Amino acid sequence: MSRYKAYPEYRDSEIAGVGVIPATWQIMQLKRSVNDCVNGIWGAEPEGDGSDTIVIRVADFDRARLSVLGDGYTFRKIDEKEKKSRLLTGGDLLLEKSGGGEKTLVGQVVLFDKEFEAITSNFVAKMTPRSGFSSRYLNYVFSRFYSSNINFCSIKQNTGIQNLDSASYLAEKFCFPAFCEQEAIATFLDHETAKIDALIGKQQRLIELLKEKRQAVISHAVTKGLNPKAPMQDSGAEWVDAVPKHWRVSKLSYHASVSNGATPSRENMLFWENGTIGWLNSSKVNDGVIEEADQFITELALSKTSVKPVTQGDLVMAITGEGQTRGRVAICNTNATINQHLASISIYDEWLSHEFLYLWLEGNYERIRYESEGAGSTKGAITCSEIGAFPVILPPLEEQDQIVRYVTERKHKFDGLVREAVSAIELMQERRTALISAAVTGKIDVRDWQPAAA
């Protein structure tokens, strides 16, 4: 922040984490800057007759940009009397009162900057800035509170859902400059954070391109080989058109056994307490290699339930679930068991390398997803018999090993570039947070700031 000047005079704020503030700024509780929180309502099923109302949910928050997303809204039937006091106007602040998760605190605030008629859901409250307070500035103030976890002290846990005590939260104190100064700070932050967001967007696009290129390298290597001059033949398989002439095309079930597991009853502590046998769920496939289990079952569970043991070198595939997990495959580098959402692929053919089969399945992830969705249906699951019917291409074993070494080297390069891009994004996000904090606590003076000439 050294390129920005400081205020000419400061005084101690006596607010934890804030330190000194400009001498002319006032200290007050947050509740003095906004009208009381007005809780939202979920309403009834929509009628679809044009009278339904948009209900803004937490899922509609654009957390990165501290605003509301531009589409995908939910319509509900809202009674006119209930709607009147809850209608949103441009400049209102929306407070997440219930939600969060293990890694995400409840209490995010975003700015409602839309012009259409809407209310908030029962998990979101609206706060209207009082006269003399800039909604854009307050949005950044609440962002600073959230990034500093100040809302943590006002969170109450209830059956797995975090609930924010808004009265306690709004009793927190903060520093406020005059309205014109608030607007100047907000304008500065709008401009500077937009530049940072644009740079983050470019890095995110770079990551997408790197992952696409990585997938293309894998797919080409496991279907065309490493010799561009090798004579080709029709594969006879739907997943690929032509393969090197000396390769074989077969069915997975001819070379490996496929089966899925189970979950021992959670009510029977004899199946879980002091367990020593690893038990895997579908979250473990995302890293590509499973080194160890996070959960463990007992010998009794292994003998009395239908959990499936897997041994080192087996492949496991996620066979259910939405999102991007279903169809993902990983090599298991430990002895363990699997639940019903995973299938094990145990190779018994010495002429098929498990590393090569892993690359083949990874390279065909999109096809596996397509097959599991029933060509556009909502099936959303993969059966063991379907996995057994997957086509598999078998180069000579020596060539499989060459392809594995080549792809592994290329993957490491791509992964390194992705890590660099992720690190760059993290640094930019840290700078964005630090810039907001510095501006709203008066550590930098931007009253005379002007954007640089284009």
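Q: To start, is aspartate 448 buried or exposed?
A: Aspartate 448 counts as exposed, because its relative accessibility is 58%. Buried means under 20% relative accessible area, exposed means over 50%, and partly exposed is in between, with a 1.4 Å probe and protein chains only.

Q: What should I know about the model itself?
A: This is a predicted model, where local features need pLDDT of at least 70, side-chain atom pairs count only at pLDDT 80 or more, and totals for chains, interfaces and linings use all residues. Residues are numbered from 1 along each chain as its sequence is written, and side-chain values use heavy atoms, with hydrogens and water left out.

Q: Back to aspartate 448. Where does it lie?
A: Aspartate 448 lies in the segment after H9. Helices (H or I, at least four residues) and strands (E, at least two) are DSSP runs, numbered from the N terminus.

Q: How many Å apart are aspartate 448 and lysine 251 in space?
A: They are 71 Å apart, C-alpha to C-alpha. In sequence, 197 residues separate them.

Q: What span should helix H9 have?
A: H9 covers residues 397–440, which is 44 residues, so at 1.5 Å a residue it should span 64 Å. The expected span is 1.5 Å times one less than the number of residues. The end C-alpha atoms of H9 are 63 Å apart, which agrees.

Q: Which glycine comes just after H9?
A: Glycine 442, and its phi is positive, about 75°.

Q: Now pockets. What volume has the largest pocket?
A: About 810 Å³. A pocket is found on a 1 Å grid over the protein atoms alone: it is an open set of points where a 1.4 Å probe fits, with protein on both sides within 12 Å along at least five of seven lines. Lining residues have an atom within 4 Å of a point. Grid points are joined across faces, edges and corners, and the volume is the space filled by probe spheres set on the points.

Q: Which residues lie nearest its centre?
A: Arg214, Asn286, Tyr358, Glu362 and Lys411, out of 28 lining residues. H9 gives the largest share of that lining, seven residues. Among the other elements that supply at least two are helix H4 (179–224) and strand S26 (329–332).

Q: How does that lining divide into nonpolar, polar and charged?
A: It has 10 nonpolar, seven polar and 11 charged residues. Ala, Val, Leu, Ile, Met, Phe, Trp, Tyr, Cys and Pro count as nonpolar, Asp, Glu, Lys and Arg as charged, and the others, Gly among them, as polar.

Q: And the second largest pocket, how much space lies in it?
A: About 560 Å³. It is lined by 17 residues, and Arg63, Ala64, Gln429, Arg432 and Thr433 are the closest to its centre. Helix H2 (135–147), H4 and H9 each supply at least two of the lining residues.

Q: Tell me about H2. How many of its residues are buried?
A: H2 is mostly covered, with 11 of its 13 residues buried. Among them are Tyr137, Phe142 and Arg144. H2 is followed by asparagine 149, with a positive phi near 60°.

Q: What about the largest nonpolar core, which residues touch the most other members?
A: Met127, Tyr137, Phe142, Phe174, Phe188 and Leu189, in a core of 57 residues. Such a core is a set of buried Ala, Val, Leu, Ile, Met, Phe, Trp, Tyr and Cys residues joined through side-chain atoms within 4.5 Å. H2, H4 and H9 are among the elements that each supply at least two residues of this core. H9 has the largest share, 10 residues.

Q: What is methionine 127 in contact with?
A: Leaving aside neighbours within four places in sequence, its contacts include Val34, Leu95, Phe142 and Leu170. Contact means heavy atoms within 4.5 Å.

Q: Last topic: leucine 66. Buried or exposed?
A: Leucine 66 is buried, because its relative accessible area is 5%. Its phi is near 55°, a positive value in a residue other than glycine. Leucine 66 sits in the loop between strand S6 (61–62) and strand S7 (67–68).

Q: And glutamate 14, where is it found?
A: Glutamate 14 is in the loop between strand S1 (10–12) and strand S2 (20–22). Its phi is positive too, near 60°. Glutamate 14 counts as exposed, at 72% relative accessibility.
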